[in-house]
Amino acid sequence: MIISISSVAGNKVSPASSVYADTKFAVRAISQGLRMEVGRNIRTTVISPGLIDSELKHGTSEATSSQFVNEVYNDAISATSIANAVTYVIEQPNDVDVNEIVLRPTVQEF
């Protein structure tokens, strides 16, 4: 079983995020490729979160950027939501392969 963490950006590209989105599309492609090449001997899941409360919001000290990021993160969901998704995937029977989970705050556009 391989569980990969991607991003909603791997499903929909936003302006000025094409390089980031490319890397997240790649996560999905690698997961699908493994499933196709290895077949029944592997289960692969890609979890694509939206806005998650993480240390990323502390990534800039520039005042304007920091204020913008902190306002955006007001709508973030907790990292526990991702942990719950991972737990869900792991708890499935061996004959079940959960290929993808996309989760985001209800207020976040897809």
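Predicted model: local features only at pLDDT ≥ 70, side-chain atom pairs only at ≥ 80, totals over all residues.
**Entry 1: the pocket and its helices**

I looked up the volume next. The largest pocket comes to about 820 Å³. Its lining holds 29 residues. I noted the residues closest to the pocket centre: S7, Y20, G50, L51 and Q108.

What is the lining made of, by class? I found 16 nonpolar residues, nine polar ones and four charged ones.

**Entry 2: the overall layout**

I stepped back to the whole protein. I counted three helices and three strands. Reading along the sequence, I wrote down the pattern β-α-β-α-α-β. I also took the extent of the C-alpha trace. Along the principal axes it spans about 50 × 25 × 20 Å.

**Entry 3: the sheet**

In what order do the strands of the sheet lie? I read β1-β2-β3, in an open sheet of three strands with parallel pairing. The edges are β1 (2-5) and β3 (100-103), and each of these pairs on one side only. Neighbouring strands are turned by 15° against each other on average, with direction ignored.

I then followed one pairing in detail. Strand β2 covers residues 44-49 and runs parallel to β3, joined to it by four bridges. I picked out V46 and looked for its bridge partner in β3. That partner is E100.

**Entry 4: helices on the sheet**

Where does α1 lie? I saw α1 across β1, β2 and β3, and its direction is at about 165° to β2. Helix α3, residues 79-90, also packs on the sheet. I listed β1, β2 and β3 as the strands that α3 touches. The direction of α3 makes about 160° with that of β3.

**Entry 5: salt bridges**

How many salt bridges are there? I counted two. I placed both partners on the chain. E100 sits in strand β3 and R28 in helix α1. They are 72 residues apart, so I logged the pair as a link between distant parts of the chain.

I marked E100 for a second look.

Note on methods
Residues numbered from 1 in each chain as written. Heavy atoms only, no water. 1 Å grid on protein atoms, 1.4 Å probe; cavity = no way out; pocket = protein on both sides within 12 Å on 5 of 7 lines; lining within 4 Å. Points joined across faces, edges and corners; volume = space filled by probe spheres on them. Nonpolar A, V, L, I, M, F, W, Y, C, P; charged D, E, K, R; others polar. Pairing = 2+ DSSP bridges. Helix = DSSP H or I, 4+ residues; strand = E, 2+ residues; numbered from the N terminus. Axes fitted to C-alpha atoms, helices over the stretch in contact; angles between N-to-C directions. Contact = heavy atoms within 4.5 Å. Salt bridge = Lys/Arg side-chain N within 4 Å of Asp/Glu carboxyl O.
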